Amino acid sequence: GAQHYVGGIIGYAEYFSEGAAISNCTNTGTVTNTSTSRSQGTGGIAGYFGGSSAVKVEIVGCINYGTIQITEGGKQDYMGGIIGRNSYGHISGCNNTGTISGYQFVGGIVGTNSGTVTNCRNTGTVIATGSAIGGIAGTNSGTVTGCTNSADVQGQWYVGGINGSGIGTGLSDCTNTGDVTSNTYGAGGVIGYVDAAGTVENCHNEGDVKGTYYIGGLVGSHYSGKVNYAECSNKGNVEGSSYDIGGLFGRITGSSVVTRCYNTGNVTCTGTYSTSWDYGVGGLAGATFNAAMFENCYNTGAVNGGSNANIGGLVGFFTYASGSTEHYIKNSHNTGSVTGGKNTGGLFGSYESINVSENCYNTGVVTGGQNIGGLVGYHKSTGSGIGVIKNCYNIGSVSGTSYVGGLFGYSFYNNCLE
């Protein structure tokens, strides 16, 4: 159709005076939006499905087998295997197997979600030419829980195995096993881009994740908002052709609390980036800023930053923003090999903090050029504070060309080792 809202069963449904449900419906036909303007919703079951906080509306047990698509060269948004746009609706127990394609806000189950998505499964390929592309939701400001994606997901930027953009009011108990690819930046095995506070619990990725920069096994870019991440993991290989590549996070600039999370996938940078910038490659995170707190986390994957700077078994570039009061890693370890150029370490490539990181260790082999350490390659306190590394040890072999140490490669300005 050439309308704003196109669905395999219903185009537009809203303004219910009492509860309503679409149950056990199936679409097997191709749904194509031919509109020449930016559309408002295209889905295998419904283009737009809306409720309110006072009126519960549901889509339950529905299946889409058909292809959801736009015309060649089109730029229609909000494409989903079940619903294009979900506004306060409740989607549960739904499956999509059809291929989903579009421009922006494209998801295997829903294009954009402000309601709830529970126990849904996507096995259809999701591919788009714009941003916010997800195996379950393209963009999410609601709740997603108990969902799985096993299909490949590809887009330009902000691409995720579960959500392309946003954790909404909560993301939990979700697993992605499909490969995730960003043609530019911001790819995550679970979430491509985070920009608001919330929680991410018991979410896992097993698919390979690829892109240019801000590439992570769990989250590509955590830009803003305080987020608690707990019991999450990545087992897929993570590869980027530029900077900020990590086993869990590509780049963190928002406030984060990361507990009992781990990475076992290999982390690789295939290109080069400028050493004059605050970039990095790491087993847990490529680069962290602001208040980033890790506890009881580990990495076992090989970290290979090529000839680039700031390569770490846990974090490549670890620093804090002005005004941050907490920025540390505790009770964590690395056992994977670490390979880089300048500023390469078993735990941190470059460590700039005024807080205490403690009870950590490295057993992986560390190899690099200048400033190479079993714990930290380059250690520097920032401002008037003291950067403390406490009760940490290394038993991995360390080799480099200059400033090489079993614990630190190069350390200066108000630093403390206990």
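1. Let's start at Lys-56, which is partly exposed because its relative accessibility is 48% (buried means under 20% relative accessible area, exposed over 50%, partly exposed in between, with a 1.4 Å probe and protein chains only). The side chain of Lys-56 forms a salt bridge with that of Glu-58, 3.9 Å from N to O (a salt bridge is a side-chain nitrogen of Lys or Arg within 4 Å of a carboxyl oxygen of Asp or Glu). Glu-58 is partly exposed as well, with a relative accessible area of 25%.

2. A word on the ground rules: this is a predicted model, where local features need pLDDT of at least 70, side-chain atom pairs count only at pLDDT 80 or more, and totals for chains, interfaces and linings use all residues. Residues are numbered from 1 along each chain as its sequence is written, and side-chain values use heavy atoms, leaving out hydrogens and water.

3. Back to the charged pairs, where the count comes to 4 salt bridges. One of them joins the side chains of Arg-251 and Asp-244 at 2.5 Å, N to O, and both of these residues are buried. Lys-330 and Glu-358 also meet in a salt bridge, at 3.6 Å from N to O. Lys-330 sits in strand S53 (residues 328-330) and Glu-358 in strand S58 (residues 356-358), so this pair ties together parts that are 28 residues apart in sequence (strands are DSSP runs of E, at least two residues, numbered from the N terminus). Both Lys-330 and Glu-358 are buried.

4. Beyond four places in sequence, the residues in contact with Asn-362 include Gly-336, Leu-347, Tyr-393 and Ile-395 (contact means heavy atoms within 4.5 Å).

5. Gly-130 is in the loop between strand S20 (126-128) and strand S21 (131-134). Its relative accessibility is 0%, so Gly-130 counts as buried. Setting aside neighbours within four places in sequence, Gly-130 is in contact with Tyr-103, Gln-104, Gly-155, Gln-156 and Trp-157.

6. Which residues touch the most other members of the largest nonpolar core? They are Leu-171, Tyr-229, Phe-249 and Phe-294, in a core of 58 residues (a set of buried Ala, Val, Leu, Ile, Met, Phe, Trp, Tyr and Cys residues joined through side-chain atoms within 4.5 Å). Among the elements giving two or more residues to this core are strand S3 (20-23), strand S38 (227-230) and strand S57 (348-352). A second, separate core has 30 residues, including Tyr-214, Ile-215, Val-303 and Ile-311.

7. Finally, the surface: Tyr-403, Tyr-410 and Phe-412 make a nonpolar patch of about 290 Å² (patch residues have over 30% relative accessible area and no salt bridge; like charges are joined within 9 Å, nonpolar side chains, namely Val, Leu, Ile, Met, Phe, Trp and Tyr, within 5 Å; areas come from the Shrake-Rupley method with a 1.4 Å probe, and for residues only the protein chains shown count as cover). Tyr-403 lies in strand S66 (residues 402-405) and is partly exposed, at 47% relative accessibility.

Definitions and conventions. Helix = DSSP H or I, 4+ residues; strand = E, 2+ residues; numbered from the N terminus.
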